[in-house]
Amino acid sequence: LEKEIYRTEQEEAILTEQVKTQNAYVTNRFQVEHNLNLWENIFEDLKLKDEALDTALRIIKMINREKQMEFAPRLNQEAATIVNHITNGKYNFLQIDKNLNISLLEPGRQRYIDLSSVSMGTVDQVYFAFRIALADILYKGSGRLPLILDDSFTQYDDDRLHKVMELLMSFSRERQVILFCARQKELAVIESLPGAATATKINLG
């Protein structure tokens, strides 16, 4: 009987270790799947932004060269004004050439740098400024179109997020601004700004 009890205890110990191993496997698999979902969401976000930029570039290329040369200086100026505000003066001048390549005037130096040399956050801010300036120029005289943004500021640091929210509040005086965001951070910044009482919050979740 003692031998049978000992054998049973040994089998129980082996089964307990197997259960622990299985639980660890399930936990690790869950973590891997969770991380994979996060990266898939980031990829989809970047893909959407890339598609939006491609659309903007196709619109410009449809305009004849003469028209492009006419509005290029204004596009540079208006986009630079927005970038200057968001970056708090770090980048106060940008250049868009005839091939639609965008470059920034490097701080402290009299030379332009390609967007590949700056952070992803700064690239996001430049494209945001480019799209806003382009929309204003293309639809000049047609009334101010609504500005619709969907989680556009996830890569902004706190200072630049505050600056871009200031811009959106100023834009809202002349046009409707609709901002979709998954975080509470943007809402908290808006609520801290003058004129926040004019903003309407709608919870979709």
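Modeller: Let's start at Arg74, which counts as partly exposed because its relative accessibility is 29% (buried means under 20% relative accessible area, exposed over 50%, partly exposed in between, with a 1.4 Å probe and protein chains only). Arg74 sits in helix H2; helices here are DSSP runs of H or I with at least four residues, strands are runs of E with at least two, and both are numbered from the N terminus. Along the chain, 59 residues separate Arg74 from Ala133, yet in space the two are 8.5 Å apart, C-alpha to C-alpha.

A word on what you're looking at: this is a predicted model, where local features need pLDDT of at least 70 and side-chain atom pairs count only at pLDDT 80 or more, while totals for chains, interfaces and linings use all residues. Residues are numbered from 1 along each chain as its sequence is written, and side-chain values use heavy atoms, with hydrogens and water left out.

Now move to helix H3, residues 120-138. H3 packs with helix H4 (residues 158-171) at an angle of about 10°, and their axes are 12 Å apart. Axes are lines fitted to C-alpha atoms, for helices over the stretch in contact, and angles run from 0 to 180 degrees between N-to-C directions. Who meets whom? On the H3 side you'll find Thr122, Gln125, Phe128 and Ile132, and on the H4 side Arg160, Val164, Leu168 and Phe171. Those contact residues split into 5 nonpolar, 2 polar and 1 charged; Ala, Val, Leu, Ile, Met, Phe, Trp, Tyr, Cys and Pro count as nonpolar, Asp, Glu, Lys and Arg as charged, and the others, Gly among them, as polar.

Keep an eye on Phe128. Skipping neighbours within four places in sequence, Phe128 is in contact (heavy atoms within 4.5 Å) with Ile82, Ile86, Leu149, Phe153, Tyr156, Val164, Leu168 and Phe171. The largest nonpolar core has 41 residues, and Phe128, Phe130, Phe153 and Met165 touch the most other members. Such a core is a set of buried Ala, Val, Leu, Ile, Met, Phe, Trp, Tyr and Cys residues joined through side-chain atoms within 4.5 Å. H3 gives the most to this core, with 9 residues.

Leu149, one of the contacts of Phe128, lies on the covered face of strand S4 together with Leu147, while Ile148 and Asp150 make up the uncovered face. S4 runs parallel to strand S5 (residues 177-180), joined by 4 bridges; strands pair if DSSP finds at least two bridges between them. Ile148, for one, has Ile178 as its bridge partner in S5.

There's also an open sheet of 3 strands, in the order S1-S2-S3 with antiparallel pairing. S1 and S3 are the edge strands, each pairing on one side only. Neighbouring strands are turned by 35° against each other on average, direction ignored. H3 turns up here too, packing on the sheet and touching S1 and S2, with its direction at about 110° to that of S2.
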